[in-house]
Amino acid sequence: MANKCHHLMDGLYMAAMVLAGLALLVMTLVVPFAIFMRYVMNDGSSWPEPLAIMCMVTFTFVGAAVSYRAGSHIAVSMLTDRLPENLRLLASRIADLLMLVISLFILWYSSQLCIQLWIQPIAEFPQVTAGQSYLPVPIGAALTLLFVLERLAFGSQEHRPVVIMGNT
């Protein structure tokens, strides 16, 4: 059972890492293009900014889930590093439980946001609705929630080969 769960989480982890990386790549290509078109060619387009924002939302929320599983997220450990081992483990469990609550909160409210904005079109992309453009938020929260549950059930995954490979 644990191997199936690890295999599934590894697949989700790699897919999320690729998605976040592609979103970052697209954003870094679109923004200079927009700047070039506006200031050099004197022909500003309306689509680069909303596309860059969608990419930023994607790599932020999906990338946050990836960094949580890899243990490469921002953490202030000055206090916990000085605690005895048993209190350090307790503090880690409390932090994981708080992450569980935060992930559920973001998942619920971002899903509600997507539902409310589902039929509102984006002017620059009439075929995409505002609700669809915010889908990376609940998807990232759901991924984070799954990775938190995995950490609570099986411990930290930052030393698994697929996670170490993703950190290099």
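**Ground rules.** I am working from a predicted model, in which local features need pLDDT of at least 70 and side-chain atom pairs count only at pLDDT 80 or more, while totals for chains, interfaces and linings use all residues. I number residues from 1 along each chain as its sequence is written, and side-chain values use heavy atoms, with hydrogens and water left out.

**Aromatic pairs.** I found three aromatic pairs in the structure, where rings of Phe, Tyr and Trp (its six-membered ring) pair if their centres lie within 6.5 Å, and planes under 30 degrees apart count as stacked, over 60 as edge-to-face and the rest as tilted. I noted both Tyr13 and Phe147 as buried, where buried means under 20% relative accessible area, exposed over 50% and partly exposed in between (1.4 Å probe, protein chains only).

Another pair is Phe105 with Tyr109, with centres 4.7 Å apart and planes at 50°, so it is tilted. Both residues lie in helix α3 (residues 85-116), four residues apart, about one turn of the helix. Phe105 is exposed, with a relative accessible area of 52%, whereas Tyr109 at 48% counts as partly exposed.

**Largest pocket.** I then looked up the largest pocket, which holds about 680 Å³ of space. On a 1 Å grid over the protein atoms alone, a pocket is an open set of points where a 1.4 Å probe fits, with protein on both sides within 12 Å along at least five of seven lines, and lining residues have an atom within 4 Å of a point; the volume is the space filled by probe spheres set on the points, which are joined across faces, edges and corners. Of the 24 lining residues, the closest to the pocket centre are Ala91, Ser92, Ala95, Asp96 and Arg151. Helix α3 gives the most to this lining, with eleven residues.

**Loop residue.** My last entry is Asn42, in the loop between α1 and α2 (48-70), where phi is near 55°, a positive value in a residue other than glycine. Asn42 counts as exposed, at 70% relative accessibility.

Note on methods
Helix = DSSP H or I, 4+ residues; strand = E, 2+ residues; numbered from the N terminus.
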